[in-house]
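Let's take a look at this one together.

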Amino acid sequence: MTDAMPVGDRKPLAPPVDETGPLGWARKNLFSSWGNGITTVVLIAFVVWVLSWFLEWALFTANFTASTGAECRGGGACWALIREKFRYIFFGSFPYEQHWRPLFAVITMLAMLVLSADRRMWNWRLLVIWGVGSFVTFLLMFGQIHIPLSLILFVALAGGGIGLTLRSALAAPSERMAYYALVAIGAMGLVLRIVGVLPAWSIAIAPLSYVETSLWGGLPVTLILATYGLAFAFPYGVLLALGRRSNLPLIKGLCVGFIELIRGVPLISLLIMASVMLPLFLPSGTTIDKFLRAQVAVILFAGAYIAEVIRGGLQSLPKGQFEAADAMGLNYPQKTLLIILPQALRVVIPPLINTFIGFFKDTSLVLIIGIFDFLNTANQALVDPNWAGFPGEVYLFAAFVYFIFCYSMSRYSKYLEHELNKGTRR
Amino acid sequence: MAVETLGSAPRAKVAPWNDPVIRGWVFQIVVVSLVGFLAWYLVSNTIDNLQRQKIASGFHYLEREAGFEIGDTMIEYSPASTYARAIWVGILNTLRVAVLGILLSTLLGTLIGVGRLSPNWLLNRICGWYVEAFRNVPLLLWLFLFYKLISEAFPGPRQALSLWNSVFLSNRGVYFPVPMADPIHKWMGIAFLVGIAGAWFVNRWGKRRQEATGQPFPGISVGFAIIIGLPALVWLAGGAPHHMSWPELKGFNFSGGTVIQPEFTALLVGLVLYTSAFVAEIVRSGILALHKGQSEAAAALGLSRGQSMRLVLLPQALRVIVPPMTSQYLNITKNSSLAIAIGYPDLVASINVTINQTGQAIENILIIMAAYLSVSLSISAFMNWYNKRIALRER
């Protein structure tokens with residue numbers, strides 16, 4: 001070494017300009033070979049062509065202020081149509097001066113979903129959030145809610161029963177007494193109610209004017225169908241999945257048959273079935289709300305798909321977990337609810353969110369049986385003869401709204417997958 | 001009882017209500033009788049309602065005259081045909097769109113999935129945007145958009161866009177010329193089928209030879225040559241009939257030639273673009289699931305990117321790809337039922353009209369379920385067979 005400079009003072013040369021910075025990046029990622037370079041040039045030309053055409057149409061020659069469709073004609077996009085119709089597209093035929101109600105219902109449901117997305121809420125808080133959120137949502141949408149006495153009694157019975165099954169060995173005597181009391185009150189009340197000793201009391205909460213479901217429309221309908229479709233389908237999908245993994249042959253056969261039947265036919269055929277056959281299934285004279293029929297079809301459909309997702313989670317658990325629970329002397333409900341499901345569900349939360357995205361999109365099919373969901377109200381906005389002839393604008397707007405919802409949910413699912421895998425990844 | 005034969009240790013006496021086997025049977029009997037009771041309740045209500053509303057039951061209506069028009073049929077059909085025929089037309093239309101949709105979306109989806117793995121940043125990003133845009137918006141919305149664009153943005157027949165004055169693009173669909181019917185066509189069809197079989201045999205022979213001697217055989221190009229060449233030879237041998245039926249504007253619409261209806265186009269385009277976004281993700285994750293050494297080894301052998309993709313990566317990725325792909329194929333078939341929303345006469349559309357005319361909902365819903373279940377089961381049976389064929393053969 002003849003160099004007199006101390007080692008610490010040596011400065012590494014800066015890398016060549018064409019290896020770093022934007023130029024280097026472009027060399028590496030866009031022009032790494034002849035073929036790549038040609039592809040890049042062709043693609044740039046294509047993107048510029050599409051973007052210039054689209055921007056010309058959607059921005060530069062677009063009309064934002066026209067008051068009738070005729071004024072819009074000839075130019076680019078007619079966004080004035082959206083300005084004119086957006087309240088109808090979002091809220092359907094809900095009474096116009098009451099539009100704040102579906103607006104706040106949507107905000108409540110979004111708050112409910114966003115809060116449920118926070119992992120710190122994944123405990124008893126979730127029940128409170130969903131209880132309060134659902135109550136507020138439906139109170140806003142209906143305007144009036146009647147809670148019948150039998151429902152309260154049923155909730156008492158179910159709550160007491162669940163408490164007894166899960167905490168019979170753990171709970172203090174006083175807590176156990178409370179469960180017994182709940183079960184006793186619920187059961188006795190229900191019997192008395194059925195026999196006819198107790199009258200058909202109900203608690204009426206009626207701060208607003210009543211709006212029936214046939215007037216509901218737009219975004220709240222899509223959100224309610226998807227959210228409550230999944231919320232109700234979830235416990236029943238869990239039951240189906242457990243049934244499919246059961247050792248009892250008859251139960252297993254029933255569950256497999258049901259799941260495969262539902263998964264083998266399109267949702268439309270179930271919706272048509274719900275709209276034409278449900279009235280035939282029930283005693284004559286009973287009518288079911290059309291909205292409820294669609295909701296029932298969505299729940300039936302979603303349950304079969306959720307069951308398959310959850311089965312994947314159940315199958316991913318090592319056998320030792322089941323055996324350990326048996327060795328501890330836990331009974332089947334305790335084993336399932338305390339040991340198996342908490343672990344199985346953790347694995348399937350990301351795919352469950354993807355299922356939810358699927359159902360959020362699939363609820364658009366209810367327009368075929370005449371429910372005014374978000375896509376259907378967008379469709380109806382095109383019918384107005386004053387504004388005929390601008391389908392592209394309305395559908396692009398609707399697509400944009402759907403995209404925001406689905407894209408953010410899929411991002412959340414990716415993030416969650418990353419978070420939940422932290423423990424198992426090295 | 002099976003449990004008693006397991007060990008020599010004497011089994012502890014338990015009360016019958018604590019015996020898991022007895023408990024299991026009691027539980028099953030309770031559940032099955034509850035389900036049975038529910039079924040009985042629904043069926044008895046239904047019978048009651050049907051009698052009250054004087055709706056006939058049974059499948060006799062299938063032989064009656066349908067009396068409704070169907071716009072797009074693959075077989076002879078008129079309003080005087082029977083309901084059975086109308087439903088059959090619907091089934092064929094469903095199958096047509098499902099088969100074409102499966103083929104095209106596999107093709108497009110694979111291209112986009114491979115594109116997402118491209119080292120070219122721009123291509124990679126564009127394919128990514130495509131996937132996100134199509135995956136996150138309902139299929140029904142795409143169908144409406146494409147249908148409305150075709151029927152409202154395209155010109156009427158009189159101002160139709162024409163290509164070389166033979167292909168016409170208008171809001172009534174795409175009209176293009178077809179050869180006049182000729183007896184030779186039947187023989188050309190037979191030659192085509194023979195060609196497919198021949199190509200398969202030649203390929204098998206080529207593979208055996210490559211395994212024995214190491215000499216590669218240009219299987220794909222020779223196969224195509226046989227499949228296309230044989231019918232062409234038959235056509236030449238038959239005197240090369242070249243009369244065409246040209247579409248011509250007569251009055252308000254075209255006559256002659258043949259037409260692809262706008263409903264069919266919108267449905268097929270929507271289904272293919274939507275499903276290929278999902279297929280692309282499946283293909284991408286299948287390739288990413290491979291060990292990195294595979295692509296490095298292929299590169300080290302001097303294979304080009306295309307060759308390593310075609311000969312090394314895709315065949316192995318297929319094992320990961322096939323099971324989720326099966327469910328996408330089932331989805332295409334089921335999603336083709338959205339046709340009803342844009343007026344393409346598929347099975348559900350035919351059945352819907354039949355329900356409205358006859359009122360016999362139950363029989364018709366049974367037909368729908370039977371048809372879709374048998375199509376779904378055949379697709380899964382075929383894909384399971386294929387999956388078994390390409391599965392890794394371990395000792």
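## Contacts along chain B

Take the contacts in chain B between residues at least 6 apart in sequence: 68% of them join residues at least 24 apart. One thing to keep in mind as you read on is that this is a predicted model.

Now for burial. Of the 395 residues in chain B, 30% are buried.

## The build of chain B

What is chain B made of, in terms of helices and strands? You can find 12 helices and eight strands in it. Chain B is more spread out than a compact globule, because its radius of gyration is 28 Å, well over the 21 Å that the globule rule gives for 395 residues.

## Domains in chain A

Over to chain A, where the domain assignment gives three pieces: domain 1 (79–94 + 218–426), domain 2 (95–144) and domain 3 (145–205). The centres of domain 1 and domain 2 of chain A, taken over C-alpha atoms, are separated by 18 Å. Where these two touch, domain 1 of chain A puts in eight residues and domain 2 of chain A puts in nine residues.

Which helices are on the domain 1 side of chain A that touches domain 2? Helix 4 (79–91) and helix 9 (219–244) of chain A each supply at least two residues there. Helix 9 of chain A gives the largest share of that side, with four residues. Sorted by class, the domain 1 side of this contact in chain A has six nonpolar residues, one polar and one charged.

## The nonpolar cores

Time to look inside. The largest nonpolar core has 146 residues, and those with the most contacts inside it are A:Leu271, B:Leu141, B:Leu143 and B:Leu267. Helix 7 (residues 262–288) of chain B brings the largest share of this core, 14 residues.

Leaving out residues up to four places away in sequence, B:Leu267 touches B:Val97, B:Leu143, B:Ser336, B:Ala339, B:Ile342 and B:Tyr344. There is also a second, separate core of five residues, including B:Ala160, B:Phe168, B:Tyr175 and B:Val259.

Methods: Residues are numbered from 1 along each chain as its sequence is written. Chains are lettered from A and ligands numbered from 1 in the order in which they are written. This is a predicted model: local features need pLDDT of at least 70, side-chain atom pairs count only at pLDDT 80 or more; totals for chains, interfaces and linings use all residues. The radius of gyration is taken over C-alpha atoms; the globule rule is 2.2 Å times the number of residues to the power 0.38. A residue is buried if 20 or more other C-beta atoms lie within 10 Å of its own, exposed if 12 or fewer, and partly exposed in between; C-beta atoms are placed from the backbone. Two residues are in contact if their C-beta atoms, placed from the backbone, lie within 7 Å. Domain bounds come from an automatic or database domain assignment. Ala, Val, Leu, Ile, Met, Phe, Trp, Tyr, Cys and Pro count as nonpolar, Asp, Glu, Lys and Arg as charged, and the others, Gly among them, as polar. A nonpolar core is a set of buried Ala, Val, Leu, Ile, Met, Phe, Trp, Tyr and Cys residues joined through C-beta atoms within 7 Å.
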